Amino acid sequence: MLIDSYDRIINYLRVSVTDRCNLRCIYCMPQEGIEWKPHENILTFEEILRIIKIMAELGVKNIKVTGGEPLLRKGTLPFLKELKNIPKIENITLTTNGILLGEYLEKIEKLDYEFLPNGINISIDSLNSERYKKITRYENIDPLMIISNIERLLKLNIKVKINCVPIKSINEKDIIPLVSLAKDKNITIRFIELMPIKYAKNYKAIPGTDTAALIEQTFGILTPFSASLGNGPAIYYSLPGFSGKVGFINPMTQCFCKTCNRLRLTSEGFLKLCLSGNLGLDLRKMMRESVSDSEISKAVTEIVKQKPLSHSFKNQSLHGMSEIGG
């Protein structure tokens, strides 16, 4: 079991399989994009699976597959299937911007439902075409086309969560339309406070309490929902007459670090102890220098003891969000 120096049990690993993305979201990267890492710098799927097997033996049971955009990388489908075969891994979820979601589902329907994760999180900050284009700098899709795949996912018994980052003067008008999606569908709409990492520092976050107040003005009282809906820090609520739920992740105004249970593996194989910090372990280097599984396991156990008590966004992260996967 992985336990840090503050007696937090670490059982959740977020895995970025690529730093590449087909969007250029304003809070994630510049308009011209970023320089993608050379192919040889990115972990192979075999290397990622080896790390996850080691982590599973140490007590990690929840895996979040992220990017960049994970569906851009060839081989992600069989990789998801392989993840399901790892003993002790109990829950696998995928985070996507949804651009390639329809194509992904068509492939699965022709192949094997074993390629499906337990849940899919769709990151979408606006249902309005013009605001969506402004945020993502992407011209070729209507956000409602992404949302149209929700019914397909629900029929496959996949848990669906919609993630939105509210930004002052950018997408306040989208909060209510997004929440409305959960009225007749058993899905979860989550609002994540903007974190001041690299390009996001150019924008002003909307506090979760302000988002919640706006929702209550329109739909009624948010009632705390006690059942677990995930592995992370979100706090969930019910609304009167709603089939789905609303969640809030408020890292800036309601720090939840004392219950943090996760590590992050970047696409280059760096095991990050905290989203905001630079402490961690270069697992790619260890594997490519033929370090044994037992030595890697020991190194991970030791480095976890250095996991900080709380985030600190005063220190610039070595990695951008497209590499870390949030």
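Helices (H or I, at least four residues) and strands (E, at least two) are taken as DSSP runs and are numbered from the N terminus. The structure is a predicted model, in which local features need pLDDT of at least 70, side-chain atom pairs count only at pLDDT 80 or more, and totals for chains, interfaces and linings use all residues. Residues are numbered from 1 along each chain as its sequence is written, and side-chain values use heavy atoms, with hydrogens and water left out.

Two backbone features fall in loops. Gly68, in the loop between β4 (62–66) and α2, is joined to Gly67 by a cis peptide bond with an omega of about 10°. Asp7, which lies in the loop between β1 (2–3) and β2 (9–10), is a residue other than glycine with a positive phi, near 65°.

Helix α1 (residues 45–57) packs with helix α2 (residues 76–84), their axes coming within 11 Å and crossing at roughly 20°, where axes are lines fitted to C-alpha atoms, for helices over the stretch in contact, and angles run from 0 to 180 degrees between N-to-C directions. The two helices α1 and α2 are therefore roughly parallel to each other, a term for angles under 35 degrees. The crossing of α1 with α2 is right-handed, that is, the near helix is turned clockwise from the far one by less than a right angle. Contact (heavy atoms within 4.5 Å) is made by Phe45, Ile48, Leu49 and Ile52 of α1 with Thr76, Phe79, Glu82 and Leu83 of α2. The residues of this contact comprise 6 nonpolar, 1 polar and 1 charged, with Ala, Val, Leu, Ile, Met, Phe, Trp, Tyr, Cys and Pro counted as nonpolar, Asp, Glu, Lys and Arg as charged, and the others, Gly among them, as polar.

Helix α1 also packs with helix α10 (residues 293–304), at an angle of about 65° and with the axes 10 Å apart; this crossing is likewise right-handed. Here Arg50, Ile54 and Met55 of α1 meet Asp293, Ile296, Ser297 and Val300 of α10, and the contact of α1 with α10 divides into 4 nonpolar, 1 polar and 2 charged residues.

The second largest pocket holds about 230 Å³ of space, a pocket being an open set of points on a 1 Å grid over the protein atoms alone, where a 1.4 Å probe fits, with protein on both sides within 12 Å along at least five of seven lines, and lining residues having an atom within 4 Å of a point. Grid points are joined across faces, edges and corners, and the volume is the space filled by probe spheres set on the points. Of the 12 lining residues, Lys159, Val160, Asn186, Thr188 and Leu229 are the closest to the centre of this pocket. Strand β7 (residues 159–164) gives the most to the lining, with 3 residues, and the lining as a whole has 6 nonpolar, 3 polar and 3 charged residues.

Key:
Angles under 35 degrees count as roughly parallel, over 145 as roughly antiparallel, 65 to 115 as roughly perpendicular and the rest as oblique.
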